[in-house]
Amino acid sequence: MPVRVLLVDDEPLVRAGLRAVLEAQPDIEVVGEAADGAAVVPLVRTLRPDVVAMDVRMPLLDGIEATRALLRTVAGPPKILVVTTFENDEYVYEALRAGADGFLLKRARPAEIVHAVRLIAEGDSLLFPASVRQLAAEYGDDGGNRAARATVERARLTEREGEVLRLMSRGLSNAEIAARLVVGTETVKSHVSAVLAKLGARDRTQAVITAYESGFVAPG
């Protein structure tokens, strides 16, 4: 089954460019487009995409609020890939905090765009981990977020689960974590699932944001 993608951007040329790049791939299908975040929830309910590639800055409803609305109102929501002009942008970090799964620069090369969509759809690795770490260092609470600290304290992660979370924060995939810890990939998947469940995180990105903001992992 191809990865089904919904494109959301107020610039028609950006949507056309993304569509051309993605539809050239046999395993990716663009199922729809929208010019503003306000259209995301009804389109997701109708089209059921796997990934929403969405501009972070739009005139009516931006990508941050559209992400919140999508995760709040849609059961089994798709992955959310924020598309942005600037890498070091507080809007991007706020979108990740709101629940986006990763971000992509509009100037990215075609191969990078395709890789980002596939990686987000698969969900077993962190997209651009160094950039996420930089954003957390710039805009995060750097261990000062009481809610994040409380979440980690309540989670009572085991020593091995803590190791897995630290390696996730560095962007390692399940296979890379398995090789590092000398265990099987299925064992790592079980640990990752336990970490996400204990932290109440919907994916790796949200778990890593919590790890940074609680001070469990230093973003610098």
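The model has an open sheet of 5 strands in the order E2-E1-E3-E4-E5, with parallel pairing. Strands and helices here are DSSP runs numbered from the N terminus (E, at least two residues, for strands; H or I, at least four, for helices), and two strands count as paired if DSSP finds at least two bridges between them. Strand E2 (28-34) and strand E5 (102-105) sit at the edges with a single partner strand each, so one side of each has no neighbour in the sheet. From one strand to the next, the twist averages 25°. This is a predicted model, in which local features need pLDDT of at least 70 and side-chain atom pairs count only at pLDDT 80 or more, while totals for chains, interfaces and linings use all residues. Residues are numbered from 1 along each chain as its sequence is written, and side-chain values use heavy atoms, with hydrogens and water left out.

Now to the pairings. E3 and E4 run parallel and are joined by 5 bridges, with Val52 standing opposite Ile80 in E4. On its other pairing, strand E4 (residues 79-84) meets E5 in the parallel sense over 4 bridges, and the bridge partner of Thr84 there is Leu105 in E5. As for burial (under 20% relative accessible area is buried, over 50% exposed, partly exposed in between, with a 1.4 Å probe and protein chains only), 5 of the 6 residues of E4 are buried, so this strand is largely enclosed by the rest of the structure.

Helix H1 (residues 12-23) lies across strand E1 (3-8) and E2, running at about 165° to E2. Helix H3 (residues 63-73) lies across strand E3 (51-55) and E4, at about 150° to E3. For these angles, axes are lines fitted to C-alpha atoms, for helices over the stretch in contact, and the scale runs from 0 to 180 degrees between N-to-C directions. Helix H1 also holds Val21, which is buried with a relative accessible area of 16%. Val21 touches Pro110, Ile113 and Val114, leaving aside residues up to four places away in sequence; contact means heavy atoms within 4.5 Å. Val21 and Ala111 are 90 residues apart along the chain, yet their C-alpha atoms are separated by 8.5 Å.

Next comes the nonpolar packing. In soluble globular proteins, nonpolar side chains tend to be buried together. A nonpolar core is taken as a set of buried Ala, Val, Leu, Ile, Met, Phe, Trp, Tyr and Cys residues joined through side-chain atoms within 4.5 Å. The largest such core has 51 residues, and those with the most contacts inside it are Val8, Met54, Leu70, Leu165, Met168, Ile177 and Leu199. Leu165 touches Leu157, Val195, Leu199, Ala207, Ala211 and Phe216, again not counting residues up to four places away in sequence. A second, separate core of 22 residues includes Ile28, Val51, Leu81 and Leu119.

Grid points are joined across faces, edges and corners, and a volume is the space filled by probe spheres set on the points. The largest pocket holds about 220 Å³. Of its 15 lining residues, Arg97, Gly200, Ala201, Gln206 and Thr210 lie nearest the centre. Helix H4 (90-98), helix H7 (146-155) and helix H11 (204-214) each give two or more residues to this lining, and H11 gives the most, with 4 residues.

The count comes to 1 cavity of 30 Å³ or more, and the largest cavity has a volume of about 80 Å³. Its lining includes Lys79, Asp101, Leu119 and Asp203, and the elements giving two or more residues to it are helix H5 (110-122) and H11. Asp203 sits in the loop between helix H10 (185-199) and H11 and is buried, at a relative accessible area of 5%. Asp203 touches Lys79, Gly99, Asp101 and Leu196, not counting residues up to four places away in sequence.

Phe128, in the loop between H5 and helix H6 (129-139), has a positive phi near 50° although not a glycine, and is partly exposed at 31% relative accessible area. Arg156 also has a positive phi, of about 50°, without being a glycine; Arg156 lies in the loop between H7 and helix H8 (159-169) and is exposed, with a relative accessible area of 70%.

Conventions:
1 Å grid on protein atoms, 1.4 Å probe; cavity = no way out; pocket = protein on both sides within 12 Å on 5 of 7 lines; lining within 4 Å.
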